Amino acid sequence: MVLVTEPSLPALEDIVSDLKHAGMTIDRVQAVLGTVTGSIDADAIPALREVHGVLDVEPDREVGAS
Amino acid sequence: MTTATNGATGRYLVLLQEDSAAAGARTMERVAGVRATSTAELAGAGAFGLLGRSNGILLHELGVAVVTAEPDQADALTRACADPGPLAYVERERTVYAYAAPAVEPSETAGPTTFTWGLRAVGAPESTATGAGIRVAVLDTGFQLDHPDFADRDVATSSFVDGEEAADGHGHGTHCIGTACGPRTPEAGPGYGVAHESEIFAGKVLSDAGSGTDGGILSGIAWAIGNGCAVVSMSLGAATRVGDPHSRIFEEVARRAMRHNTLIIAAAGNESMRSRDHIAPIGHPANCPSIMAVGALDERQAIADFSCGSADPDGSVDIAAPGVDVYSSWTLPDRYNTISGTSMATPHVAGVAALLAGRHQARAWELWARLGQSARRLPLPSTDVGTGLVQAP
């Protein structure tokens with residue numbers, strides 16, 4: 001999952017497009033939160049961090065009922 | 001604890017209506033001949049000699065006067081409070097002491113069995129707040145859509161689990177929704193819902209097998225914000241190890257949610273085995289500082305054996321609620337079930353949050369503060385229960 005900086009939110013569509021170019025298969029975009037989820041080869045993750053407007057990238061975790 | 005004079009000092013506290021300090025001082029003099037020197041005047045004149053002709057002091061910023069009064073003067077002030085005007089309330093001033101020993105709060109959950117022990121423990125039956133008009137999102141395994149106890153309720157649903165509808169094929173989600181938003185007077189059995197007139201937003205982010213992913217949770221949070229939900233209840237998580245950092249993304253997402261007036265409340269986790277001296281750290285994402293983490297208590301108001309604790313400086317338990325042997329709604333045909341977990345504690349807090357939101361129009365950080373401020377302190381480590389047992393307004 002990718003977190004976009006708040007000032008970049010108006011340009012979220014462009015950022016999503018840049019993420020695709022960097023090799024990410026987009027699953028969902030949560031525009032109100034500025035987050036994007038999807039999949040990518042682990043070795044391409046550094047390229048996602050280089051995309052302008054990206055604040056952070058974290059692996060998706062599995063969660064369960066508690 | 002009390003003295004022969006009941007700890008009274010002979011002075012009285014007079015509460016004035018908001019922004020009525022000057023009018024209040026005039027009224028006290030007119031009805032009772034009591035003169036109070038305002039702190040505003042004192043600051044201006046720099047002359048404490050003013051107090052010589054005065055019966056006391058008016059704390060301008062607080063709108064409270066502390067005055068010496070004879071019984072007939074006090075009666076006159078009390079009568080004036082009943083009339084429309086700037087005087088609100090009169091009390092005897094009390095003498096206070098440094099505490100010599102901590103007070104012990106007796107365990108008190110006994111009462112009629114028309115409500116679950118959890119509802120009684122959070123003071124829900126005595127509260128007139130209902131949560132009406134407040135939207136509560138429960139992100140879980142979905143909801144049993146045609147449950148008879150919810151026939152007259154507004155329920156919006158959405159699924160963020162690929163290939164599964166919002167219908168609950170597990171039971172956990174229906175149970176959590178029951179505690180947060182369910183009825184007080186179901187056809188049969190005890191009342192089990194805290195915010196019994198709130199609007200229910202059931203977001204399915206966990207599969208019928210009870211698991212999900214961060215991506216689904218984020219989608220559920222975004223859906224809740226888009227629908228103006230004041231509260232998001234998440235009885236879910238992933239175990240962490242001591243020293244694991246919290247998710248920077250979920251922390252930032254929680255802050256953004258707060259800016260959209262949405263408070264996220266999450267289960268601390270069930271990985272402890274306190275009976276074997278093991279306290280596990282708070283799970284993800286409840287370990288994010290801006291997500292309210294909920295620990296579980298049993299009916300004796302002891303910490304539940306399984307309840308995660310503040311094992312890291314980073315993640316801390318913020319509040320506690322009933323989470324052992326909790327009775328609530330379940331999928332059909334069972335209809336009801338009694339289960340345990342910090343999952344069960346979390347919707348008690350979410351329900352109370354909805355009551356507070358309705359009562360005070362509080363949202364986001366104000367709502368967080370009111371939950372903590374009104375929680376009943378417990379003689380237990382704050383690392384286990386935060387500010388204590390959540391209480392309905």
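Me: Which residue of chain B meets the side chain of A:Arg28 in a salt bridge?
Reply: This is a predicted model, where local features need pLDDT of at least 70, side-chain atom pairs count only at pLDDT 80 or more, and totals for chains, interfaces and linings use all residues. Residues are numbered from 1 along each chain as its sequence is written, chains are lettered from A and ligands numbered from 1 in the order written, and side-chain values use heavy atoms, without hydrogens and water. A salt bridge needs a side-chain nitrogen of Lys or Arg within 4 Å of a carboxyl oxygen of Asp or Glu. Here the N to O distance is 3.3 Å, and the partner is B:Asp162.

Me: Why does the pair of A:Arg28 and B:Asp162 join two chains?
Reply: Helices (H or I, at least four residues) and strands (E, at least two) are DSSP runs, numbered from the N terminus. A:Arg28 lies in strand 2 (residues 25–30) of chain A, and B:Asp162 in the loop between strand 7 (155–159) and helix 5 (172–181) of chain B, so the pair joins two chains.

Me: How many salt bridges are there between chain B and chain A?
Reply: Over all chains, the structure holds 18. Another bridge between the chains links A:Glu6 with B:Arg256, with the closest N and O atoms 3.8 Å apart. Between chain B and chain A, the count is five.

Me: What area is buried between chain B and chain A?
Reply: Buried area is the accessible area (1.4 Å probe) that two parts lose on being put together, summed over both. Carbon and sulfur atoms give 55% of it. In chain B, B:Asp214, B:Ile249 and B:Arg256 lose the most, together 27% of what that side buries. The total is about 2,400 Å².

Me: Which element gives the largest share of the side of chain B that touches chain A?
Reply: Contact means heavy atoms within 4.5 Å, and 37 residues of chain B contact 26 residues of chain A. Elements giving two or more residues to the chain B side include strand 9 (211–213), helix 6 (214–226) and helix 7 (248–259). The largest share is nine residues, from helix 6 of chain B.

Me: Which strand of chain B pairs with strand 5 of chain A?
Reply: Two strands pair if DSSP finds at least two bridges between them. Strand 5 (residues 62–65) of chain A has three, in the antiparallel sense. A:Gly64 stands opposite B:Ser211. The partner is strand 9 of chain B.
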